Amino acid sequence: MAARSPPRFGPLQLLLAAAGAAAAALDVCADAWVAAGYARAGHPGWAALGLVLLAAASAATQACSWLWFRSDPAALRPELPRCLLAALHLLQLGFFYRCLHALKVGWKVCWAKAVSEEEQNRMAFLSHDISMLRLFETFLENTPQLTLLLYVILRTNKAEPSQGLGICTAFLCVTWSLLDYHQSLRSFLQDKYELSLGSSAVYFLWNLSLTCPRILLVALFALLWPYGVAIHFLLVWLAMFLWVSLQGTDFMESPGPEQLYRAIVAVILYFSWFNVAPGRTLYRSIIYHGFILVDSTLLALSWLLCRSPSDEHLYLIPVVSAALPCYLLGLLLRVSYYQWLHPSARAQQQGSYDEVDANRRTDGLEFRTVLEPDLVNRRLQWLAQRQFVVPVLAEQHLLNGAASADAAV
């Protein structure tokens, strides 16, 4: 079988990559500016909490970035001394260096008259890692910061225009990072299975519909019991961490870093679904969404039943009442996506199968292939095999890390 290269990296992709790097830098500056605003307003506790969330998210993201650099094939490591690369991560600049390095490589790929398949694969490797790190940073920093921002607005009962804009932007960033991550995984597939505009819209909307009610209800619960929400987060996080551990993840190169990965995934699961295990995810998804639905309902009931009759937040009652229908709408959109728009469903509708192994039914997904083993991104390989149904013989012909799995529903 001839090797097939990834989609060509063009000017549009370069522009989006530059916009993503700029947005990440602006997001850090905005969070620091908001924390300074809390301090100026006489709320040093809120300022300290905002800075702690920012520092913790950055430290975890930089740790993952450094560990990945250490495990990358030599051909894919940046041309920097190891000590300098370590210093950049200690200074919390490792992720931004990744972005700048990817932009440099992308610029050459974008404007070169003749681009080798190896350069295209190298760019794909870099962009996939950045997408994954951006997802980690978003859920470790943006979602807690967004919850804190909503809590402050509700507590003070006033919102500056910049805060309203910040809320809208943060929600969009959270759902966009999920979409970008999913697009990154689907880029391994042949063109007919890549994410279309309609599929992207449905994927974006169901994630937005599931994430918004969750963050809002956590913020409302914090309004009643500011310290209780910390206990709630810790208990749910521990449950999610145990659940992820029982699924036997093998994402990192060694057991120690693997615990860091599981801790990050547990934070993601506190706010949104994230698949980490092979095989059909239908029952795991039902368990997860059932748990989150019950938990969120209890948070809403706590606020409705325990608030003071003279509470000035009466205008939020319709909003809270709409949270459950919004979440159910998100679940409906999610089911619709996996029923008709997911690669496995589309392959089944086309009735394709592995002609060589015709006595075994498969879903017939076709993957782009690559011949250079050093260009295989093992991290994305591990994740992609948990998202898509792959024919048995396709396991040996994957680009940047797609491998076999049964299905993610």
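## Charges over rings

In this predicted model, R214 sits over the face of Y270, 4.7 Å from the ring centre.

## Aromatic pairs

Let's turn to the rings themselves. The structure contains 19 aromatic pairs. One of them joins W68 and F136 in a tilted geometry, with 6.2 Å between centres and 55° between the planes. This pair bridges distant parts of the chain: W68 belongs to helix α2 (residues 44-71) and F136 to helix α5 (residues 117-156), 68 residues apart. W68 and F136 are both buried, and together with F251 and Y261 they make up one aromatic cluster.

Y203 and Y337 form another aromatic pair, this one edge-to-face, at 5.3 Å centre to centre and with 70° between the planes. Y203 is in helix α7 (residues 197-224) and Y337 in helix α11 (residues 316-341), so their pairing ties together parts that lie 134 residues apart in sequence. Both of these tyrosines, Y203 and Y337, are buried.

## How confident is the model?

Here is some context for reading those geometries. The chain has an average pLDDT of 77, and 75% of its residues score at least 70. Among its elements, helix α8 (residues 228-246) has the highest mean pLDDT, 94, while helix α12 (residues 343-350) has the lowest, 54.

Over residues 351-364 the pLDDT is below 50, and the model gives this stretch 24 contacts beyond near neighbours in sequence. Residues 1-5 also stay under 50, with 15 contacts beyond four places in sequence.

Technical notes
Residues are numbered from 1 along each chain as its sequence is written. This is a predicted model: local features need pLDDT of at least 70, side-chain atom pairs count only at pLDDT 80 or more; totals for chains, interfaces and linings use all residues. Side-chain values use heavy atoms; hydrogens and water are left out. pLDDT is the predictor's confidence in each residue, from 0 to 100. Helices (H or I, at least four residues) and strands (E, at least two) are DSSP runs, numbered from the N terminus. Contact means heavy atoms within 4.5 Å. Rings of Phe, Tyr and Trp (its six-membered ring) pair if their centres lie within 6.5 Å; planes under 30 degrees apart count as stacked, over 60 as edge-to-face and the rest as tilted. Buried means under 20% relative accessible area, exposed over 50%, partly exposed in between (1.4 Å probe, protein chains only). A charge sits over a ring if NZ of Lys or CZ of Arg is within 6 Å of the ring centre and within 35 degrees of the ring normal.
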